[in-house]
Every structure is written in C-alpha cells, then in structure tokens.
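Student: Can we walk through this structure together? I'd like to talk about its charged pairs and its strands.

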Amino acid sequence: MSVSSTSGAMLRRTIFSVRSAARPLGAAEQTARSSVFGSYRNVHRSARLPAITASEARHRPSLRPHQQSSRVTGLSPNSKRSIFIQTENTPNPDALKFIPNHRVLPEDFPTSFLEYLSPRSTLAPPHPSPLAANLMNVDGITSVFYGPEFITVTKASDANWAHIKPEVFSLITQTVTSGEAIVNTVAKTGEQAQEGGEEDSLSYNEDDEEVISMIKELLETRIRPAIQEDGGDIDFRGFENGIVMLKLRGACRTCDSSTVTLKNGIESMLMHYVSWIICCVHSFNIIWANGSSPETDRGSPGS
C-alpha cells in the first residue's frame, strides 16, 4: 500500500468518527443515558449540604429560656442542698474543726461563738440546737462549739476519732441538706444555758475606759482571727490593776498549750501595744476580794 492510500484511509476514519459523535442519539440511547446521569445527579444533590445564606451565617444558636434556666441553676426546685465538709486539725488533739460550705451561726447573731458544754444546754433557751443535741449524744463527744462558719467538736481523751468522725459527718450533712436551722432562738426563761450568745465581749462600748477599748480592739483584730483558725475563740472578762482576764473557748479551752498561747502570744502582743498591762491570766484563776470571780461577775471587780 502506498503512502497516499494510507493517508486517505486515516482521513476517512477521522471524518466518520466526527460524524458519529455529531449525529443525534436514538430514543433508546437517550433513555439509557438520561437514567444513568439522572441517578448520578440525584445522588449528588442528596449528598450536597444545603446552602447557607449570609443572614443565617451571622445567626448563632441560643438556648431556649427553659433550657437556659435549668442549665444555669443545675438544680430543680425540689432538689436538696449539696454540701461539702472540710476538716482541719487543731493544736488540741481532742478537738477537730469541721467546716461545711454553709454558715453555722445566723447572720445577725449577737456574738461570734456559741458553746455547748452539756446535753442539757443544747435543749435549753435561749439558743437550743438540734444538731448540737444530736452530736452530744454521740459516745465520746464532750462539747460542741459553733463559730460563724465552722463547728468544733471536742471528745474525751480516751475516745477514738475513727469512730466519732463518721457520725459527725452524717449528722452535719443531714442537718444542712434538710434545710433545718442549726441554731434556734427562743425566749429566755432563766440563766444563760449556753456559753456565749448574749453580747460580744469584744464589741465597742462607749462607756469603756480608753485602755479597755485598746485591749478590745487588739483582741478583735489581732488575736481572735488566729484563735478562730485553731477552732476556738476568746472572751474578754475584765481588766484590773494591770491584769487582763481572758477566757479561751472551743478547741483552746481544753488545750494543753493554752497557757503557752496566753503567755507567749496574747500577753506579749498586748504588753507591746498597751503599757498599762502587767500580765494576762485565765479568768477562772482570779478571785476578787469579795469572793467573786470574773466567771460570776462580768462587770467591774468588787473591792
């Protein structure tokens, strides 16, 4: 075959292919082709994400009112109060400080502490406490002390904390979660049954002498916070002839190191700021000339 005949054959094949592509499809071919490409388009459109307009793009989802309130509070109206109780050791091995995430003394309570030294005092006016009554019924517990936001429990020296702590945790948790008042106030019918609760001995009194006002201010601002950290409190009982009479409360009341605290801590600070002070003593060590003591006479000493 010559070169010219070969070129002519290739040219004819090319023209035939172009004409075949250009001719219209038959009915059967069109139906088959549309079904194939139509199904492909349907699958493609179903998998395609819906178009987002500019206004929808700027719109951010928000919680509905009822959803927002339930997520913010996290509690239904009928749910109980949650509680977390922290414990702290004190310098007194027989006293333990319990700190619930709940205020212990009422906001308007007249003093910074309340102390129950007997089961009877937990039920008597003017400040009975169902919680203190239940705690005093636990074997081994000898006293219950309330600070503004903590509870100090003192046990007998032969009792074991391993047996007492679980019961204390349970009683405090039950009281707080139930919403029951920790301290109640009722009409006073006789003598004060509890220690504290009447009037804060460190509160300002315009009738006090200047030296007594200075002593009270130092005790309130410098001494009391440190003693409260140790699960106790301090009570000012009087000042006479350079002697400051104090009474330690709570964990400090039965602590073996209370004398060291009184002498090396409190007495040193007061003598540094107030030159009239000679010494500080526990109030139960003082007896006035008329036979009374600061424990029975909260006013000026007798002569």
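Predicted model: local features only at pLDDT ≥ 70, side-chain atom pairs only at ≥ 80, totals over all residues.

Student: How many salt bridges does the structure hold?
Tutor: Side chains of opposite charge can pair when their charged atoms come close. The cut-off here is a side-chain nitrogen of Lys or Arg within 4 Å of a carboxyl oxygen of Asp or Glu. With that, the salt bridges in the structure number 13.

Student: Is Lys97 buried or exposed?
Tutor: Its side chain meets that of Glu88 in a salt bridge, 3.8 Å from N to O. For the labels, buried is under 20% relative accessible area, exposed is over 50%, and partly exposed is in between (1.4 Å probe, protein chains only). Glu88, at 24%, is partly exposed. Lys97 has a relative accessible area of 5%, so the label is buried.

Student: How many residues apart in sequence are the parts that Glu115 and Arg249 tie together?
Tutor: These two side chains form a salt bridge at 3.8 Å, N to O. Glu115 is in strand S3 (residues 114-116) and Arg249 in strand S7 (residues 243-250), so the parts they tie together are apart in sequence by 134 residues. Strands and helices here are DSSP runs, numbered from the N terminus (E, at least two residues, for strands; H or I, at least four, for helices).

Student: Which residues join Glu115 and Arg253 in one salt-bridge network?
Tutor: Glu115 also bridges to Arg253, with the closest N and O atoms 3.1 Å apart. Arg253 sits in the loop between S7 and helix H8 (258-273), so this pair ties together parts 138 residues apart in sequence. Through shared partners, the network with Glu115 and Arg253 also takes in Asp235, Arg237 and Arg249.

Student: Which strands stand at the edges of the open sheet?
Tutor: Five strands make up the sheet in the order S1-S2-S5-S4-S3, with antiparallel pairing (two strands pair if DSSP finds at least two bridges between them). Each edge strand has a single partner strand, so one side is left without a neighbour in the sheet; the edges are S1 (85-89) and S3.

Student: Which residue in S5 is the bridge partner of Phe145?
Tutor: Strands S4 (residues 141-146) and S5 (residues 151-155) run antiparallel and are joined by five bridges. In S5, the partner of Phe145 is Thr152.

Technical notes. Residues numbered from 1 in each chain as written. Heavy atoms only, no water.
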